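The structure comes next, followed by the points by topic.

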Amino acid sequence: MRSALAVLTFLAGLALLSPDFILQARQGAAARGAAGAVDRGSVSTGEATDLRNVKGVPEKCPNPVMVQPDVFPVRVGTVKADDGKTFMVPGPITEGAVAPDIFDTCIGKGDNPNYMSQLQTVVIDKDGVEITGYIHGDNYFELYVNGQYVARDSIPMTPFNSSVVRFRARYPMTYAILGIDWETHHGVGMEYAQYNIGDAGLIAYFSDGNGTHADWKSEVFYIAPLDDPACVRVTATGRDSSFCNQARIPECQTKLAGNACKALHFQVPADWTSPKFNDSRWPNSIIWRPVEVTNQPAYTNYTKLFGDAEFIWTRNLKLDNLVLSRYTAKGPRKQ
């Protein structure tokens with residue numbers, strides 16, 4: 001009897017709680033995480049207008065190569081979201097030193113047999129180990145090691161290329177790679193006169209045996225094009241846009257009208273490249289088969305250089321345009 005009375009008393013107490021209190025409790029439970037409230041993102045509509053050329057990239061390919069007419073000059077822009085925040089699109093790039101190319105038909109003439117002699121070692125830790133890395137990004141990457149910038153992709157969009165880097169660093173070694181699926185309709189994630197939705201992917205292999213695998217962490221920070229950003233699932237343990245384009249394409253894309261499309265943006269943490277950054281809430285990287293990412297000779301002619309590394313990204317190769325990936329290696333990886 002006492003147990004029954006206690007249950008009735010508890011239920012009566014719940015009934016007295018206001019709907020606002022219950023809603024706040026639910027929101028609080030969903031929002032709590034390692035760093036407090038979940039970032040639900042900022043929504044922008046339409047294309048960026050204040051475009052500028054990316055420094056260090058030629059205004060056109062010096063060599064005759066077939067590319068879409070609006071690829072060059074390669075540009076970035078700025079959009080203003082509904083909440084007043086501004087975002088660089090397709091991403092907050094660093095215009096530092098570029099990596100030598102293994103293969104490039106824009107600045108180079110294809111295969112570059114002299115790439116090793118063109119390398120310069122970026123010294124991060126004088127007492128570290130020297131490592132050579134091979135990277136292929138669809139379309140663009142920037143590499144950071146132990147919080148320090150190493151190099152960026154020489155060709156942010158197309159034609160596709162592959163790159164090599166060399167650095168000296170000590171273990172534990174934190175690899176941090178910014179990956180971008182570039183665009184020519186800046187701010188809405190589409191490319192060319194046809195308003196195509198591009199795809200993405202990233203693979204990296206390092207001479208200590210470490211490379212991109214499912215134990216890396218990857219999180220998206222720019223998602224487009226979208227008809228309704230509410231389709232993106234945002235939780236304390238990651239963002240998932242794979243529900244946004246299942247069995248259909250955005251209506252705004254079918255109208256060939258970029259200004260009708262929306263995008264969802266998230267602020268990039270200032271310290272995301274640091275070994276001290278807490279990425280425990282980021283999802284593990286998703287592995288994609290090479291055939292799902294590329295058939296380009298910049299990768300297919302050099303698969304041996306990439307060892308057992310795998311293509312990584314998030315759950316959506318099409319809409320997730322700016323992806324940050326991280327991995328901390330405690331030492332060389334056993335093959």
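A residue counts as buried under 20% relative accessible area, as exposed over 50%, and as partly exposed in between, with a 1.4 Å probe and protein chains only. By that rule, Phe221 and Trp282 are both buried. The model is predicted, so local features need pLDDT of at least 70 and side-chain atom pairs count only at pLDDT 80 or more, while totals for chains, interfaces and linings use all residues. Residues are numbered from 1 along each chain as its sequence is written, and side-chain values use heavy atoms, with hydrogens and water left out.

**Aromatic pairs**

- Rings of Phe, Tyr and Trp (its six-membered ring) pair if their centres lie within 6.5 Å; planes under 30 degrees apart are stacked, over 60 edge-to-face, and the rest tilted.
- The count by this rule is 14 aromatic pairs.
- Tyr144 and Tyr149 form an edge-to-face pair, because their ring centres are 5.5 Å apart and their planes stand at 70 degrees.
- Tyr144 is buried at a relative accessible area of 10%, and Tyr149 is buried at 18%.
- Phe221 and Trp282 are also edge-to-face, with centres 5.9 Å apart and planes at 65 degrees.
- This pair links distant parts of the chain, 61 residues apart: Phe221 is in strand β16 (residues 217-226), and Trp282 is in the loop between β19 (262-265) and β20 (286-288).
- Strands (E, at least two residues) are DSSP runs numbered from the N terminus.
- Ring pairs join Phe167, Tyr175, Phe206, Trp216 and Tyr327 into a cluster.

**Around Phe221**

- Phe221 has 3% relative accessibility and therefore counts as buried.
- Contact means heavy atoms within 4.5 Å; leaving aside residues up to four places away in sequence, Phe221 touches residues including Arg239, Leu264, Phe266, Trp282 and Leu322.
- A charge sits over a ring if NZ of Lys or CZ of Arg is within 6 Å of the ring centre and within 35 degrees of the ring normal.
- The charged end of Arg239 sits over the ring of Phe221, 4.8 Å from its centre, and over the ring of Phe266, 3.8 Å from its centre.
- Val323 is 102 residues from Phe221 in sequence, yet their C-alpha atoms are 6.1 Å apart.

**Second largest pocket**

- A pocket is an open set of points on a 1 Å grid over the protein atoms alone, where a 1.4 Å probe fits, with protein on both sides within 12 Å along at least five of seven lines; lining residues have an atom within 4 Å of a point.
- The second largest pocket has 20 lining residues, and Thr158, Phe160, Glu191, Tyr192 and Gln296 lie nearest its centre.

Technical notes
Helix = DSSP H or I, 4+ residues; strand = E, 2+ residues; numbered from the N terminus.
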